[in-house]
Amino acid sequence: MAITELLSSVLATGALGLPMGLAQANLPGTQIAVDSPARKGWVMYTVQPGDTLSQIARRYRVDARAIMYSSSLEGVALRPGQVLRIPLVEEANDESRLPPGVRAYIVRRGDTVQSVASRFDLTVLGLVSANPGLPSLDRLEVGSTLYIPTGEPGLLVRIKQGETIKDVASRFGLSVIQVARANELNSPTDVQAGDLVLLPGVQARNTYDRLLQIREAERKAREAEERRLAQERRVREEARQRQLAEQRRLEQQARSRQQQQAQSQPRLRRANAVVAAAGYRWPMSRFTITTYFGQRGVFQRFHTGIDLAAPTGTPIYAARAGQVGTAGWSRFGYGLHVIVGHGGAKETLYAHMSRILVRPGQWVERGDLLGHVGSTGWSTGPHLHFEVRVGGTPRNPLAFLP
Ligand SMILES: [Zn+2]
């Protein structure tokens, strides 16, 4: 019979007095009254109405997770009549004999199976073999006891009632002498039921494999959960990207609409752009350009200036310092208009005014008030028709203005 099979039978019988979670058969000491203080073994407990898992765990001084594990529970919910398998753990002041090559170690916060194993220069399998009841490779309960082989590693088992060293040794294919030597026993009678015995060289391969399977199952569950979360994130991110793209598309649409409007509509100029450092300034502070130089207008085939729309009464300023040449009514459609000479054959003309405030021959500085916006002469609405002439020829005012 192979050692691993033998070990399985030991584990299945719960001979080690620790949670196994294996076959249900042959559980020793399964019927222990609730109130009698059992120290180790199993209790089969029938759930009563009103019981909760944590209450039961407290009553037996075991970890609720150990009950869940050993009873194969999937959650903490219990139903009356359900039978729980409660693993009773040894208490810390265990008086049972420890083999000389084994010491007890109380698990501290932050310990892992791996860290404890390497601290005592053991393999994980070596540590598991000394603690075949370990429920998980990834979680250690703080305050629980781990057995550490300090000499030769091996499987640590607890002697059952009526069992001898010879029984245990032969079950694992060892001689009594080997077991006696490893445990420094003078006589087989040195060992009593409940004592721990180290079986040198025997490894809890099955237990270890089972723990590895649990770890693998947990890892897979974690990975599946991570994949699910990643998928959720991906879906959210895709939705966000779609939203952003749609937003960009709408913004782009709005921008091109604005550009089209800006191209088809007159420009709006603001006061702060009106005054240039030198030369010409805009003749008004706020206006809308409705007709450009050279465009075909209502009254002119070739527009000789620019039209600046503004409400009637808006002040009109001299675009540049100079002398007022003309200030009055025009026969050619300009209505009330002013012409200022700037020297060098340069003139500016201001037409369709509602009111003129300067007289011919008067000197004006750049920015001086000339009059107000109106709609006199050939005009369809209040605006300033503004011309720049060089040597009597109209030029595009935009070439002179800031
Ligand atoms: Zn005009």
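First, the ground rules. The model is predicted, so local features need pLDDT of at least 70 and side-chain atom pairs count only at pLDDT 80 or more, while totals for chains, interfaces and linings use all residues. Residue numbers start from 1 along each chain as its sequence is written.

Confidence next. pLDDT is the predictor's confidence in each residue, from 0 to 100. Its mean for the protein is 80, with 83% of the residues at 70 or more. Over residues 1-38 pLDDT stays under 50, and the model has 66 contacts beyond four places in sequence for that stretch. Residues 265-277 also have pLDDT under 50, with 19 such contacts. A contact here means that the C-beta atoms of two residues, placed from the backbone, lie within 7 Å.

Now the overall make-up. The protein has eight helices and 17 strands; these are DSSP runs numbered from the N terminus, helices being H or I of at least four residues and strands E of at least two. Of its 402 residues, 29% are buried. Buried means that 20 or more other C-beta atoms lie within 10 Å of the residue's own, exposed means 12 or fewer, and partly exposed is in between, with C-beta atoms placed from the backbone. Taking contacts between residues at least 6 apart in sequence, 63% join residues at least 24 apart.

Which strands pair with S16? Two strands pair if DSSP finds at least two bridges between them. S9, residues 306-309, is antiparallel to S16 over four bridges, and Ala309 has His383 as its bridge partner there. S13, residues 346-356, is joined to S16 by six bridges, again antiparallel, with Ala351 opposite His385. S17, residues 393-395, makes three antiparallel bridges with S16, and Val390 stands opposite Thr393. S16 and S17 form a hairpin with two residues between them, and Gly391 in the turn has a positive phi of about 60°. S16 itself, residues 383-390, is largely enclosed by the rest of the structure, because six of its eight residues are buried.

Strand S5, residues 154-158, has five of its five residues buried, so S5 too is largely enclosed by the rest of the structure. Five bridges link S5 to the antiparallel strand S6, residues 196-200. Leu155 has Leu199 as its bridge partner in S6.

On to the cores. A nonpolar core is a set of buried Ala, Val, Leu, Ile, Met, Phe, Trp, Tyr and Cys residues joined through C-beta atoms within 7 Å. The largest one has 31 residues, and those with the most contacts inside it are Leu156, Ile165, Val168, Val179, Val197 and Leu199. Elements giving two or more residues to this core include S5, helix H6 (165-171), helix H7 (176-182) and helix H8 (205-264). S6 gives the most, with four residues. A second, separate core has 27 residues, among them Met284, Phe287, Val324 and Ala327.

Back to Val197: beyond four places in sequence, its contacts include Pro99, Val157, Ile165, Val179 and Asn183.

Last, Ala180, which sits in helix H7. Is Ala180 buried or exposed? Ala180 is buried, because it has 20 C-beta neighbours inside 10 Å. Leaving out residues up to four places away in sequence, Ala180 touches Ile165 and Leu185. Ala169 is 11 residues from Ala180 in sequence and 9.3 Å away, C-alpha to C-alpha.
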